[in-house]
Structure formats: structure tokens, C-alpha cells
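Subject: Handover of a structure

Dear colleague,

Please find below the structure that I am handing over to you.

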Amino acid sequence: MANPDMTAAAPGTAPAAAGEAAWDSLVGAFSDRDFAGFRDFIMNAAGISLSAQKKNLVVSRLGRRLKLTGCRNFSDYHRLITSGQAPEEAQTAIDLLTTNETHFFREPQHFAELRRQLAARRQPGWTARVWSAASSTGEEAYSIAMTLAETLGQTAPWEVFASDISRRVLQQAVSGLYGMARAREIPPELLRRYCLKGSGPFAGQLQIDQALRQRVSFMQVNLTRALPQIGPFDVIFLRNVMIYFDLQTKQQVVARLLEKLQPGGLFIVGHAETLFGVTDRLEMIAPTVYLLPERQA
Ligand SMILES: C[S@@+](CC[C@H](N)C(=O)[O-])C[C@H]1O[C@@H](n2cnc3c(N)ncnc32)[C@H](O)[C@@H]1O
């Protein structure tokens, strides 16, 4: 990794948590009715289905927002984010209620399969287009971009489009800045070729090289709403997000995404996910890797 001349801002730090006693009383005051309100909020906003066991998750993730927004209790805060008068705070609540865990080259078999498929499909005049449809902080999108660059060439015609509902994760994704511990997830060869080692204020961080960053575009997209004018794509990654949706939402989201997939294109889901009962339009060609058949004449 070369030393970069990094000028982008480092990600901000989280506000301090409330004191322990205040915290206990906050948890005690969080009623089942409060929980139902936040459960409905995130279901309507993002299609995320929260089970009753997620009560503590809501308290721990949203609790600190009460003080910061001047709300006396959770029902005030719920009123604020559903009032339509505080869209910024509603977005913050969505950011906090989504789970954004990810890493570089997660589920490496998918990247091996992508490499195989790209090599087989490569032909003059072809621009490969891949969508990372719930990209979180960008590790998936940059792993795809490294795979495309390695297989098709760094300056070949290919595009990676990446999206997420959370504005906070997209900010980090665009910066391409990650803690140095993430370097372990990237094969050494690719680390050398596509990543820079931070120094000065960026010591302890790595940054995706600018040339690769420029090949990836990020946009906020809510998969449970009408999609923007994008695509069509040759490959769509929809990994580790369907687990948060109920069956009906999965069916609607997948149907919407398939409209953006080229016939003959690939649809890749997470290893803990299945498309059984979700769609019958796809054929499985490898575990969790599906093909959209060419249209019949
Ligand atoms: C666990 S991460 C998965 C990241 C990456 N795909 C992976 O497999 O490592 C799930 C992501 O889905 C996003 N998400 C949840 N609901 C969404 C929705 N309705 N539309 C778009 N993104 C959503 C979350 O913000 C989160 O970043």
C-alpha cells in the first residue's frame, strides 16, 4: 500500500451515552406500545420486520437521540420522526435502526463465481454492469470493483453501481476510508494494487485508491419503493438484507430488482438467504447464485 495524500474527512464519532441511572429509567419507561410504534415506523420506512426480541435494540440504538433532540421520552421521539416535520431526524432513526455489518470479500465464493462468469461473458463492445443493492459502507462494492478490474482490466468498460437506504453508511462508502484492521480481509495482491495506507491524520486507516473509487457510484435507494432509472445490470448482489424482510416484502423487492436485470444476468443473495417461495423466475446455478433465463421467443 502506498501512502496516500488523503484530504477527505475522517468519519465522525458517536455522541456519549446517557448516564447509567438515566439509562435504566429510559429502558424501564419503554413500553410495548412504544415498541409497536417504532416497529411500524421501520416497517413502513424500510420494510424491516422487527421481532419482539428487538425491544432492547430499539432502546439502545435510539436512546441517545432523545436527549439530543430534546424529547422527554420515546413517545415524544416517535411523534417527532413520524410527524413529517423532521425528515432529517427520521433519516437518522432509519440509519440507526438498520444493521450494516459487512466486510471485504464476504462470502468469497461469490467473487470466485463472478470472476468465472465475467471471463466467460467477456466480448468486444461489452460493458459489464454490476449493482451492489444493499451496499452498506461500500466493502461489497469495492470488492466487486477489484474483481472486475482484475478480470476485465482496470481501464476496461465496466461499471459498479452501489446503493443503500442509510445515508450514514453511504457517506463512509463514498470516502472509501476504513480502519486498518480491514486490510486483513483483502487479498495481499489486491491490497497492494488498490488500497492506500493512511498517514498523518489518517494513520491507522486505509483508503481505496482514487482510480478505483471513481469507478463506483453510490446512491441512496430504498428497495421497498419504486426504483430510480438505473440499469439494466448484468449482475445484482442482494446479500444479507432480505433476512430483515418478511416474505411479502422479499417478493416485492426481488420482483422490482429483476426488472433491472438483463435476461441472462446473475442474481446473488447471501448464504443465509433463500429465494424459495420468493420468485420462480430464477434458476440456481451455484449455491445462492441465480440466473435470469433469456426470454423465450
Ligand atoms: C447487513 S448489511 C449487508 C451489506 C452487504 N450487502 C453484505 O452482504 O455484506 C444490510 C444493509 O441493507 C440496508 N437496507 C436495509 N433495508 C433497506 C432498504 N429497504 N433499502 C435499501 N437498503 C436497505 C441496510 O442499511 C444495511 O446497510
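The ligand lies between domain 1 (31–97) and domain 2 (108–291), because both domains give residues to the shell around it. Please bear in mind throughout that this is a predicted model. The shell is made up of 24 residues, and the closest to the ligand are Thr-98, Thr-102, Ala-134, Ser-136 and Asn-240. Sorted by class, the residues around the ligand are eight nonpolar, 11 polar and five charged.

Asn-240 sits in the loop between S7 and helix H11 (247–258). Its phi is positive, at about 60°, although Asn-240 is not a glycine. Asn-240 is also buried, because 21 other C-beta atoms lie within 10 Å, and the threshold for that class is 20 or more.

At the contact between them, seven residues of domain 1 meet 11 residues of domain 2. On the side of domain 1 that touches domain 2, helix H5 (residues 87–97) gives the most, with three residues. That side of domain 1 consists, by class, of three nonpolar, three polar and one charged residues.

Glu-107 is found in the loop between H5 and helix H6 (108–121). Phi of Glu-107 is near 55°, which is a positive value in a residue other than glycine. Glu-107 counts as buried, because it has 21 C-beta neighbours inside 10 Å.

As to the chain in general, its secondary structure comprises 11 helices and 10 strands. The radius of gyration is 21 Å, close to the 19 Å that the globule rule gives for 297 residues, and the chain is therefore as compact as a globular protein of that length. Along the principal axes, the C-alpha atoms fill a box of roughly 65 × 55 × 30 Å. Buried residues account for 35% of the 297 residues. Of the contacts between residues at least 6 apart in sequence, 74% join residues that are at least 24 apart.

How is the nonpolar interior arranged? In soluble globular proteins, nonpolar side chains tend to be buried together. Here the largest nonpolar core holds 54 residues, and those touching the most other members are Ala-145, Leu-148, Val-160, Ile-236 and Leu-238. Helix H7 (residues 139–152) supplies the largest share of this core, namely seven residues. Apart from this core lies another, of 16 residues, including Phe-30, Phe-38, Ala-46 and Leu-97.

Val-160 illustrates the packing in the 54-residue core. With neighbours within four places in sequence left aside, Val-160 is in contact with Val-130, Ser-132, Ala-141, Ile-144, Ala-145, Leu-148, Arg-215 and Val-216.

Met-146 is likewise found in helix H7. Is Met-146 buried or exposed? Met-146 counts as buried, because it has 26 C-beta neighbours inside 10 Å. Once neighbours within four places in sequence are set aside, the contacts of Met-146 are Leu-190, Tyr-194 and Leu-212. Met-146 and Leu-212 are 66 residues apart in sequence, yet their C-alpha atoms are 7.6 Å apart in space.

Gln-154 belongs to the loop between H7 and strand S2 (158–164). Gln-154 counts as partly exposed, because it has 16 C-beta neighbours inside 10 Å, a count that falls between the limits of 12 or fewer for exposed and 20 or more for buried. Gln-154 and Glu-294 are 140 residues apart in sequence and 29 Å apart in space, C-alpha to C-alpha.

One backbone feature remains to be reported. The peptide bond that joins Gly-231 and Pro-232 is cis, with omega at about 5°. Pro-232 is in the loop between strand S6 (216–220) and strand S7 (233–238).

With kind regards

Technical notes
Residues are numbered from 1 along each chain as its sequence is written. This is a predicted model: local features need pLDDT of at least 70, side-chain atom pairs count only at pLDDT 80 or more; totals for chains, interfaces and linings use all residues. Helices (H or I, at least four residues) and strands (E, at least two) are DSSP runs, numbered from the N terminus. The radius of gyration is taken over C-alpha atoms; the globule rule is 2.2 Å times the number of residues to the power 0.38. Two residues are in contact if their C-beta atoms, placed from the backbone, lie within 7 Å. A residue is near a molecule or strand if its C-beta atom, placed from the backbone, lies within 6 Å of it. Ala, Val, Leu, Ile, Met, Phe, Trp, Tyr, Cys and Pro count as nonpolar, Asp, Glu, Lys and Arg as charged, and the others, Gly among them, as polar. Domain bounds come from an automatic or database domain assignment. A nonpolar core is a set of buried Ala, Val, Leu, Ile, Met, Phe, Trp, Tyr and Cys residues joined through C-beta atoms within 7 Å.
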